[in-house]
Amino acid sequence: MNNFTFAASTRILFGENRISELPQEIRQHGSRILLAYGGGSIKESGLYQRIIDELSKDKIFFVELSGIQPNPRIESVREGVRLCRDHNLDFILGVGGGSVIDCIKAIAAGVLYDGDAWDFFIRKANITNPLPIGTVLTLAATGSEMNGNMVISNPETEEKRAGGHDDLRPKFSILDPTLTYSVNKWQSAAGVVDVMSHIFEQYFTLDKGTFVQDAIAEGILKTCLRYGSIVINDPTNYEARANIMWASTLALNGLTVSGKTSGDWATHAIEHEVSAIYDLTHGAGLSILFPVWMRYVLSDDTAPKLAQYARNIWNINNTDDKEAAIEGIEKTREFFSSLGMPAKLSEVEIPDDKIDDMAKGACLFGPIGVFKKLDVAAVKDILLNAR
């Protein structure tokens with residue numbers, strides 16, 4: 001295990017009716033806020049009015065930014081930056097899932113930056129002195145509520161790029177499982193796949209001596225297997241929603257990668273290219289690509305870790321590492337399919353005509369991955385195998 005420093009600074013308020021504590025949390029960091037959210041779902045559920053009532057009761061000034069889309073666009077970021085500057089706002093509250101939270105992180109980074117916020121995603125600028133942010137989570141998937149990561153899309157260039165900084169970790173996040181009751185089957189399933197995929201990216205490394213990290217990761221994966229189908233078929237099951245929500249948060253707050261050289265993140269890089277062009281739900285893209293990636297990277301070097309996954313998660317008894325790994329990969333595909341997630345790009349009507357562009361885009365800054373390095377040709381093979 002490598003030396004590491006771990007600090008997960010976000011204050012988590014977990015459980016029912018924690019919205020009542022929102023004003024006192026905000027007051028610790030600001031008094032003039034940008035209230036950011038997506039479509040009309042938070043209004044239909046009554047959550048919007050609950051938040052407005054709490055802010056008004058405590059006389060907290062706010063300006064609204066609505067309409068943040070899945071795969072959040074740089075246009076929303078630019079508009080949020082403008083609003084913060086025009087109204088002298090000092091705190092941003094995001095209400096929604098990972099798309100909203102990623103968007104407010106980019107806004108927070110951009111307010112005190114002289115250039116365009118897209119610069120952070122093309123490695124033209126570094127993030128310094130972002131505004132503080134907080135979140136009210138309504139979808140368990142990305143883990144963005146407890147990390148400094150963000151992913152933003154630029155439709156004009158057909159790019160979807162990741163960025164981040166530890167100073168972008170939310171100051172607080174309210175996690176009320178009942179707020180996810182209204183999430184539909186597709187998004188619930190995509191969320192479960194997303195949680196598992198975050199674990200995969202950090203679990204599948206060649207590091208040695210990381211038993212505790214792997215054990216935590218395996219526990220989170222088992223949580224997804226236990227409760228994944230329940231949140232789809234029994235959406236108001238509090239136990240299931242609560243466990244998936246907490247699994248989502250723990251999967252990407254730095255816990256399971258601490259002490260490792262780094263995570264892999266090749267599959268996410270490939271998926272970002274797909275959803276940048278075709279606006280595919282992130283979890284659905286990962287459902288298609290991860291089993292393909294697992295099979296592609298299987299080798300003498302990687303077989304032991306893939307076999308460990310197969311044995312510890314899927315109870316595969318095969319003593320041959322490669323054979324066990326293949327069985328585990330098939331079980332993974334079967335589980336994703338059981339949730340109603342796609343297995344091929346063709347199932348979500350994604351054609352072959354931009355595979356070359358996607359492969360080049362994924363490797364824009366050089367080969368990707370750590371478990372096995374992937375160049376443009378390798379990424380193209382993975383995309384072709386995923387058709």
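Helices here are DSSP runs of H or I with at least four residues, numbered from the N terminus. Good morning, colleagues. The structure above is a predicted model, in which local features need pLDDT of at least 70 and side-chain atom pairs count only at pLDDT 80 or more, while totals for chains, interfaces and linings use all residues. Residues are numbered from 1 along each chain as its sequence is written, and side-chain values use heavy atoms, with hydrogens and water left out.

On a 1 Å grid over the protein atoms alone, a pocket is an open set of points with protein on both sides within 12 Å along at least five of seven lines, a cavity is a set of points where a 1.4 Å probe fits but cannot get out, and lining residues have an atom within 4 Å of a point. Grid points are joined across faces, edges and corners, and a volume is the space filled by probe spheres set on the points.

The second largest pocket has a volume of about 190 Å³. Thirteen residues line this pocket, and those closest to its centre are Thr205, Asp207, Lys208, Lys305 and Gln308. Helix 7 (211-233) and helix 11 (303-314) each supply at least two residues of that lining, and helix 11 gives the most, with 3 residues. By class, the lining has 3 nonpolar, 5 polar and 5 charged residues; Ala, Val, Leu, Ile, Met, Phe, Trp, Tyr, Cys and Pro count as nonpolar, Asp, Glu, Lys and Arg as charged, and the others, Gly among them, as polar.

How many cavities of 30 Å³ or more are there? The count comes to 1. The largest cavity has a volume of about 80 Å³, and its lining includes Thr138, Val183, Arg241 and Met245. Helix 6 (185-203) and helix 8 (238-251) each supply at least two of the lining residues, which divide into 7 nonpolar, 4 polar and 1 charged.

I turn now to helix packing. Two packed helices are described by the angle between their axes and the distance between the axes. Axes are lines fitted to C-alpha atoms, for helices over the stretch in contact, and angles run from 0 to 180 degrees between N-to-C directions. Angles under 35 degrees count as roughly parallel, over 145 as roughly antiparallel, 65 to 115 as roughly perpendicular and the rest as oblique.

The axes of helix 6 and helix 10 (residues 282-297) come within 8 Å and cross at roughly 40 degrees. Helix 6 and helix 10 are therefore oblique to each other. Their contact (heavy atoms within 4.5 Å) involves, among others, Trp186 and Phe200 of helix 6 and Phe290 and Met294 of helix 10. The contact residues divide into 8 nonpolar, 4 polar and 2 charged.

Helix 10 also packs with helix 12, at an angle of about 175 degrees and with the axes 10 Å apart. That angle makes helix 10 roughly antiparallel to helix 12. Among the residues in this contact are Ile288 and Pro291 of helix 10, and Ile329 and Arg333 of helix 12. By class, there are 7 nonpolar, 2 polar and 2 charged residues.

Finally, where is alanine 343 found? Alanine 343 lies in the loop between helix 12 (321-338) and helix 13 (355-362). Leaving aside neighbours within four places in sequence, alanine 343 is in contact with Ile288, Arg333 and Ser337.
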